[in-house]
Amino acid sequence: MNELYQRQGFRARRKYGNFSALNHKSPRNTPFKRKTGPKRRFTQWVQALISEIKVDRSDIAKLAELARIEIAETTVDEVAKSITDVLALVDQLQAADTDGIAPMAHPLDATQRLRADVVTETNRREEFQALAPAAEQGLFLVPKVID
Amino acid sequence: MHNLTIAELIHGLRNQEFSSVELTRHYLDRIARLDSRYNSYITVTEDIALAQAKAADERLATGDAPALCGVPIAHKDIFCTNGIRTSCGSKMLDNFIPPYDATVVENYRNAGAVMLGKVNMDEFAMGSSNESSFYGPVKNPWNTNCVPGGSSGGSAAAVAAHLAPAATATDTGGSIRQPASLCGLTGLKPTYGRVSRWGMIAFASSLDQGGPITRTAEDAAIMLNTMASFDDKDSTCVDQPLEDYTATLNDSLQGLRIGVPKEYFGEGLDPQTAERVQAAIQEFEKLGAEVKEISLPHTDLSVPAYYVIAPAECSANLSRFDGVRYGYRCEDPKDLNDLYKRSRGEGFGEEVKRRILVGSYALSAGYYDAYYRKAQQVRRLIKQDFVDAFNDVDVVMGPTATSPAFEFGAKSSDPVAMYLEDIYTIATNLAGLPGMSIPCGLVDGKPVGLQLIGNFFAEGKLLNAAHQFQQVTDHHQQTAPDID
C-alpha cells in the first residue's frame, strides 16, 4: 500500500502544478508548511517528498487551537504521527485527473429547498436551557469574557 | 419467540398467538440475562417498552393496528429520543436527554413499534469495530474475541444475539453493511435522502443515511416501509414517492443483469471470503440472472476521498459541541477558550478528535482546494463510474468487507488499516446509492457478507434480489453459537 501511494503521488505532483513542491515553495497563505527535501536523485527525492508530508508538534498545536480541542501534551507525538498517516492516505487523490470536473456536494445534485416564511417552531427556551451545564434567567452562562 | 422474524412476529401478534407484552417481556428478560456478554445496549428502556407494548395490545385487540404494532425493536443511540438519554457513544453526550424524537423514531412510534432501548455504537459513528464507544466495545456474538464491526456494532450484535428482532442503524461509509456482514445479518443503506436525517446526530451530512439491520431481506423491506419518508425538516431529504418494498419481493430474477466489479476482488481480499462471495453470485445465475464483469475504475480513490470529505464535514458538524448549551463541560474553566478546548478535549475520544483535526487541516486556508475541492471532484468521478455501470447492469455485487470479523485490537492502533476496512462500502456513500449486505456463508465459523449495490432509489430491486437469494439458501438462517 505504501508503495502504491508513493507511486501515485509521484504522478500527482507532476499534474498538480500549483500544489507541487517542485518549485520548492509552499502554497501561499497556508498555515502548515509542506516540508521539502534536499535535492537527490529524482525518484528518491519525490518519494521522500511524499513521506515528508508531515505534521509536527507545532502543526498540531495550531490545529488544536483552530478546532478548539485540547490535545494532552503526552499524546501530541502520537496524534501528529497518526494525522501524518491519514494525510499520506488521502494524498492518493492528487493522482486523479479532475480537470473540468465539477465538485459534487449532493449525490442527486439537489439544491436547497425553500419553505414559506412562516413560524413553525414553538418557543421551548426553558426546555432547551434545562439541558445547559449552566443557565440563568434565560441566558447560557460562560466564564467572564469582558472585564 | 426470539427466533422469529419480524414478518413472523407481525403474523403471531395479529393472530393472538402471543401478546406484545409477553413478547416484549421475553426480549427484556433476554437482554437482562445475556447482554453482559455482548454489551450491545447502552440504555434499556424497560418501562417505556412495556407501556408501549400494553398500548399495542389494546390496538391489536380492536383491529386498528398499524404496520409494526407491538413489534419490539432497538434504536441506534444516534437517533434522538424524547426524554431518553441519547449518547451517540460519546462522553460528550453522556448526559444529553433530547427534548424531541428523531423523525425515524417518530415513524416507528407511529407504526406501533415498541422501543426496547438504545444500542451501542462507535463514538459519533466514527469507526469500523465498535472499539471507540465511550461505553466499551461491543462483542461479536459469533465469536466474542472479535469485533462486531462498526459503527452500528450494537445494532448488529443485538440482532445477531437475538436481543432484538431488528434495529435501526446508520451508514456513513459502511456502518450498516460492514457490521451486518461481520454478524451474519441483512443490512440496508438506502439511497441518500430516502430516510430523514432529522434528529439523527450528524457526522458527515452529505453521506449519513439511516437504514435497518435485520435477519432477513423481507424484514428489511418491512422495516424500510416505516423508516423511509419525505421529511420537510431534513432539507436534503428527497421528495420521491414512497413504495411498498414488500410488494416486489417475489418478482422473478430472470434476466436480472448483475455486474461484478473486478476492482472488488483485488489484493487485500481474503481468498476464502472471495470464494463465498463468488459462490453466492453463482446462485443468482441459477435464479436466472446474467452475470458480467464490470469496472469501477476509481474504486481505489474512494477511501482517500472519503477521508477528506467525512472529516471535513465532521469538523464542521461537531463544532456545535462546545460545552455551552448542552453536553459535557469541563470543571473550573479559567476562560471561555479554556472552556471550549478542555470540554472538547475531555469530552471527545481519540478517533473523533483525530477526524476533527484532519477535517480542520483539510479545510484550513490555502488547503481547501487541494483537499476538499479535489475530493469533491473525485467524488463525482466515483459516482460517474456507477452511472456508467448502471447503463449495462441492474445490480452490482461483490464482497461487503475484506474478511470476516477480526479480533479486538487488531486494527485499533493503526487508523489507516481501520479505514481500509470500508474499502468496498465507501464508494456507495460517496455516490449516494443504496447498498445492502446479506450473509453468504461462513469462514472459520464467522459470517461473511455479499454486498448488493443498486441504482438510485432501487431499494426494491435490491430487496427483491436478496429475498429471492434467501428463498433458495439458508445462510441467513445460521445463528451464532450459544444463542439460547
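Let's start at Phe457(B), which is found in the loop between strand 11 and helix 15 (459-472) of chain B. When I say helix or strand, I mean DSSP runs numbered from the N terminus, with at least four residues of H or I for a helix and at least two of E for a strand. Phi of Phe457(B) is near 60°, a positive value in a residue other than glycine. Is Phe457(B) buried or exposed? Phe457(B) has 13% relative accessibility, so it counts as buried. Buried here means under 20% relative accessible area, exposed means over 50%, and partly exposed is in between, with a 1.4 Å probe and protein chains only.

A word on what we are looking at: this is a predicted model, where local features need pLDDT of at least 70 and side-chain atom pairs count only at pLDDT 80 or more, while totals for chains, interfaces and linings use all residues. Residues are numbered from 1 along each chain as its sequence is written, chains are lettered from A and ligands numbered from 1 in the order in which they are written, and side-chain values use heavy atoms, leaving out hydrogens and water.

Now compare Asp444(B). It also has a positive phi, about 50°, although it is not a glycine. Asp444(B) sits in the loop between strand 10 (435-443) and strand 11 (446-454) of chain B. Asp444(B) is exposed, with a relative accessible area of 65%.

One more backbone detail: a cis peptide bond joins Gly150(B) and Ser151(B), with omega about 10°. Ser151(B) lies in the loop between strand 3 and helix 5 of chain B.

Rings of Phe, Tyr and Trp (its six-membered ring) pair if their centres lie within 6.5 Å; planes under 30 degrees apart count as stacked, over 60 as edge-to-face and the rest as tilted. By this rule the count comes to 16 aromatic pairs over all chains. Take Phe124(B) and Phe348(B): their ring centres are 5.8 Å apart and their planes are at 70°, so the pair is edge-to-face. Phe124(B) lies in the loop between strand 3 (114-119) and helix 5 (153-160) of chain B, and Phe348(B) in the loop between helix 10 (336-347) and helix 11 (350-363) of chain B, so the pair ties together parts that are 224 residues apart in sequence. Phe124(B) counts as buried at 1% relative accessibility, and Phe348(B) counts as buried at 3%. For a stacked pair, look at Phe386(B) and Phe390(B): the ring centres are 6.4 Å apart and the planes are at 25°, so this pair is stacked. Phe386(B) and Phe390(B) are both buried. Which residues do ring pairs link into a cluster? They are Phe96(B), Phe124(B), Phe321(B), Tyr326(B) and Phe348(B).

Let's move to the strands. In strand 4 (residues 167-171) of chain B, five of the five residues are buried. In a regular strand the side chains alternate between the two faces of the sheet. Here both faces are covered: Ala167(B), Ala169(B) and Asp171(B) are buried on one side, and Thr168(B) and Thr170(B) on the other. Strand 4 of chain B pairs with strand 6 (residues 209-214) of chain B in the antiparallel sense over five bridges; two strands pair if DSSP finds at least two bridges between them. The bridge partner of Ala167(B) in strand 6 of chain B is Ile213(B). Strand 6 of chain B also holds Thr214(B), which counts as buried at 0% relative accessibility. Thr214(B) and Ala166(B) are 48 residues apart in sequence, yet their C-alpha atoms are 4.7 Å apart in space.

Finally, a record entry. UniProt, in an unreviewed entry, lists residues 22-463 of chain B as "domain: Amidase"; UniProt positions are given in the numbering used here, feature names are shortened, and annotations may be inferred rather than shown by experiment. The span of residues 22-463 of chain B is 36% helix and 14% strand, and its end C-alpha atoms lie 30 Å apart.
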